[in-house]
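Biologist: I have a model open and would like to go through it. Can you take my questions one at a time?

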Amino acid sequence: MADSSKKVLEKKGQGEYEFTAYGEFLSYFHAHIDIFKRLLKSKKMDPTRVEEVAKQIKSYMTGNIKKTDQFFEHLPQFATILGVSKEEVSSYLNSNFIEVLTKVQEKLKTQELEKLTNAPAPSFSSITEEIVERLQVTHPKDYVFAQKGILMVLENPITGEIIEPQGLMAASAKAALAMPQGTDSEKEPVSLTEALAVANAPPTPVTKKQSLIPEKDKSILQEITETFSDILTGEKLEIKIGPEVTEPSLADTSSNTNSTKVNEEYEIEDLEFDDSDSGQSNSNTSNGAEEHDDFSDDLGIEYEEEEPPPPPKQIDLNLVRLGNFSVKEFMDLVQTITTYQTKGDQVGYQNWLRSISEFDKAVVSLRTQVLKEQKNEAVDWKALFQMMSSKSELKPEVLQGIVKKIKNFQIVKLTLDRMIQEFKKGSPEFMQMVKMAWPHIQKSFYEVPNYQQVQTLLRGILSRVNDESHKKDFSKIFTMALNFIQSKYQV
């Protein structure tokens, strides 16, 4: 059965098919290849050489790009392989990307729908596999199965949160755990957990009525004689405590059970680009000198590798994470911290800290030190980097890079906050437009330091403003914000 993580389309609730995350990535992949080939052809490059460069680009993207938002981060490398300037590549992409991407996605969607229509009935190795595939149900992250009395639930061992059974299982469990009808309990339990607590509660002790006439206690010898009169022989008794040596102990049984539970756990692989899904192109090699229409030889569509790519080099994943750490991720972290501070939820904050990665923890910690430094408090960065590096897998150069990004991202955050204050000076009609446009304005400034992309997105926002006075106000504030960021941002 095909890997579900490599599905290009998935059916939504209304019966329509939409691209999965992998399908979206695949369309971006082919769109970039097609645009780069167009660029090379526009320079009258030999068709055979165009195909060779396209293969180099494809091999580079396969080994280095795993997410859709990473394509723009590799423009310098694309420019080097193509033999043109970064500015020219960026300009050509901005001018042609939407048009080419639309065509690629239409072609890809048509192709995948034909595959789904003509695909044979899937075969499954087990009923569990079929349930997961057809219902698209996955195991929640960080949750484990836990036995609560007679009820099996999903529990997060970090937060203690419990996910109860749903549907028919919930109805059956509630019926089994139903609270007894009587004066003490007239209502059905609100949840299975509550019902379980009632079901597992110790029985109410029955108080024995006291008699006014005290009963005479029997002696222990009399009780033994009455109870064991048939088997008492007068021989010496041998008393053995515990199970026989040959029997497996309870501890061994429980340890085996625990090891079985550990072995039954599984991992869900992360989304990554599979070289086999991009395909090969037999028509390219057989007729290299012939001009083809756009992406017809890139989609469907197969690239033929003359030799296997070299094994990937050992790289520091934290350095890669640092390179991908974006303004939006920083803003989301700050928003989460602010939410906990506003609520005064110290317990929730600590649980959240324990759940995030070492990299994100370092961002939170180093941001605190950056804010101290901005208040003119002394910070010994060298000693701090050495201490944090000794307690984690983050090298000092990674920590230094995090601090640099935090300082730059703080400038973007400060700029957005100042923009809000400037917007508030406008008329009520202007503020209403700001509220509608604000998510798009934020998204535009998240592209810093790609200022050309920021300007392109801001121009798109301005094109939707009809009132000339409002458009002038927007343009003035946008210009002031960009000039401020460019004067402070350290590349």
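Biologist: What is the mean pLDDT of the chain?

Modeller: The mean is 76, and 68% of the residues reach 70 or more. pLDDT is the predictor's confidence in each residue, from 0 to 100.

Biologist: Where is confidence lowest and highest?

Modeller: Helix H10 (residues 282-286) is lowest, with a mean of 43, and helix H16 (residues 396-423) is highest, at 93. Helices are DSSP runs of H or I, at least four residues, numbered from the N terminus. Where pLDDT is low, the predicted coordinates should not be read in detail.

Biologist: New topic. Which residues of H13 are buried?

Modeller: In H13 (residues 346-355), they are Gly-348, Tyr-349, Asn-351, Trp-352 and Leu-353. Buried means under 20% relative accessible area (1.4 Å probe, protein chains only).

Biologist: What covers them?

Modeller: The cover includes helix H12 (327-343) and helix H14 (358-374). At the start of H13, a side-chain oxygen of Asp-345 comes within 2.8 Å of the backbone nitrogen of Gly-348.

Biologist: And His-470, buried or exposed?

Modeller: His-470 is buried, because its relative accessible area is 13%. His-470 lies in helix H19 (residues 468-488).

Biologist: What does His-470 touch?

Modeller: Leaving aside residues up to four places away in sequence, His-470 touches Ser-427, Glu-429, Phe-430, Met-433 and Val-465. Contact means heavy atoms within 4.5 Å.

Definitions and conventions: Residues are numbered from 1 along each chain as its sequence is written. This is a predicted model: local features need pLDDT of at least 70, side-chain atom pairs count only at pLDDT 80 or more; totals for chains, interfaces and linings use all residues. Side-chain values use heavy atoms; hydrogens and water are left out. Helices (H or I, at least four residues) and strands (E, at least two) are DSSP runs, numbered from the N terminus. Buried means under 20% relative accessible area, exposed over 50%, partly exposed in between (1.4 Å probe, protein chains only). A polar contact is a pair of N or O atoms within 3.5 Å; within protein, one must be able to donate a hydrogen and the other to accept it, and residues adjacent in sequence count only if both atoms are side-chain atoms.
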